[in-house]
Amino acid sequence: MVSPPSPTRQDYYAVLADLLPERALVVTALGNASYLWSVVRDRPENFYFEDAMGLALPLAVGLALAQHSRPVFVVEGDGGLFMHMGALVTLGAAAPRNLTVLLIQNGVHAASGGQPLTNASLDLAQLARAAGIPNTKNVTGLDDFAPALRSALGTNGPRFLVLRTEPDVNVVRPSIAFDPVMTKHRFTTAIGAPVYTPTLFGGGLTHQ
Amino acid sequence: MEKQHRPSELLATLKRLRFGMAVAVPDSWLGEILVRINDDGAMQLVRATHEEEALAIACGARLGGLRTAMFVQNAGLLSMGAGMVCLAQRYQFPLLILVSYRGTPDDPIFYHIPKGRATEPVITGLGLAHCRSDRTRPIGPQIEAAASFAEESSTPFAVLLSREDVQW
């Protein structure tokens, strides 16, 4: 019996775009995780990585702790997770209730051309559970994703959903200029983060 | 004149400046000050597993509007290079990095010395703005100036601290 092909990242992104809560903040890892999301659902509340592989998840942990009243999503890849697997332990310990991790498991380093991972077949949901994150699930197909996401959002986080996908090694052209400082300023303005006032004018962080 | 307890002064300065989070990977000099931060509760303490991961957590917290300090050993400055240039500096996150500076002539422990020797050349190469604390002056104003430098320059800034600055 031939197994059906795994869904693509685009398939999952279409579902995520439909179900994304209005006030959600979204962090996407480097490569197509960011490029494609900018095409599917660009919004000021997105924070796109252009590099820094493996650091999207820990950045999202810090963001979720700072913005605890807003739902935070992070899209990370299995290769990125392997580069900083300790971040899973920190996530389990810090346990931000508002954070949902969408872990793309495609078995390759897609952003660098599709080289195989050190181990492409690990049970990553089990790995996350062992790291102290009880709310985890290996999503087995596209039909399972929407119910799994709805169910996860109805419970306290952190949540860790593993999305098995086909590798997407062809680079997607993003819908916007990927200027990192512009990305950051657009994001902080959208969420009303406090702004630093230069010392000459009094100093300190103040709300806009 | 009564001598100031420098770690207490350091913490009081962070609280006065309304730092909301401390992200840390411990060192023996840092153990007790992290306990104090945790017990005090004014700053949220996140204990990370690796210094580059800690850097990313700090960037995320700052992105979310919290003024954030890091507590790491200088070994961590050596191991966070990619995240420093590709994330913290590239996206211009103002972070205060407080570093226990091990392996200097004041801390001649054989296994710290290689890190002490490499630290300043490496972080200079990374373009990480930094200074060494001055033990002849109060630590509080030095921390405040470093925090201001980070904000005014929109970049991380590291203060290389001696034992009496941070060890409780």
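**Exercise 1: the contact between the chains**

The contact takes 31 residues from chain B and 32 residues from chain A. The model is a predicted one.

Task: Determine which elements give two or more residues to the side of chain B that touches chain A, and how its residues divide by type.

Solution. 
- Step 1. On the side of chain B that touches chain A, two or more residues come from each of β2 (44-47), α3 (51-63), α5 (81-88) and α7 (139-153) of chain B.
- Step 2. With 8 residues, α3(B) supplies the largest share of that side.
- Step 3. By type, the side of chain B comprises 15 nonpolar, 9 polar and 7 charged residues.

**Exercise 2: a helix of chain B**

Task: List the buried residues of α5(B) and find what they pack against.

Solution. 
- Step 1. Buried in α5(B) are B:G83, B:M84, B:L87 and B:A88.
- Step 2. These residues lie on the same side of α5(B), because they cover an arc of only 110° around the axis.
- Step 3. An α-helix has 3.6 residues a turn, so residues three or four places apart point the same way.
- Step 4. The buried residues of α5(B) pack against α3 and α6 (113-126) of chain B.

**Exercise 3: one leucine of chain A**

Solution. 
- Step 1. Helix α6 (residues 124-130) of chain A contains A:L127.
- Step 2. Neighbours within four places in sequence aside, A:L127 contacts A:L88 and A:L122.
- Step 3. A:V89 is 38 residues from A:L127 in sequence, and their C-alpha atoms are 10.0 Å apart.

Definitions and conventions
Residues are numbered from 1 along each chain as its sequence is written. Chains are lettered from A and ligands numbered from 1 in the order in which they are written. This is a predicted model: local features need pLDDT of at least 70, side-chain atom pairs count only at pLDDT 80 or more; totals for chains, interfaces and linings use all residues. Two residues are in contact if their C-beta atoms, placed from the backbone, lie within 7 Å. Helices (H or I, at least four residues) and strands (E, at least two) are DSSP runs, numbered from the N terminus. Ala, Val, Leu, Ile, Met, Phe, Trp, Tyr, Cys and Pro count as nonpolar, Asp, Glu, Lys and Arg as charged, and the others, Gly among them, as polar. A residue is buried if 20 or more other C-beta atoms lie within 10 Å of its own, exposed if 12 or fewer, and partly exposed in between; C-beta atoms are placed from the backbone. The arc is that of the directions from the helix axis to the C-beta atoms.
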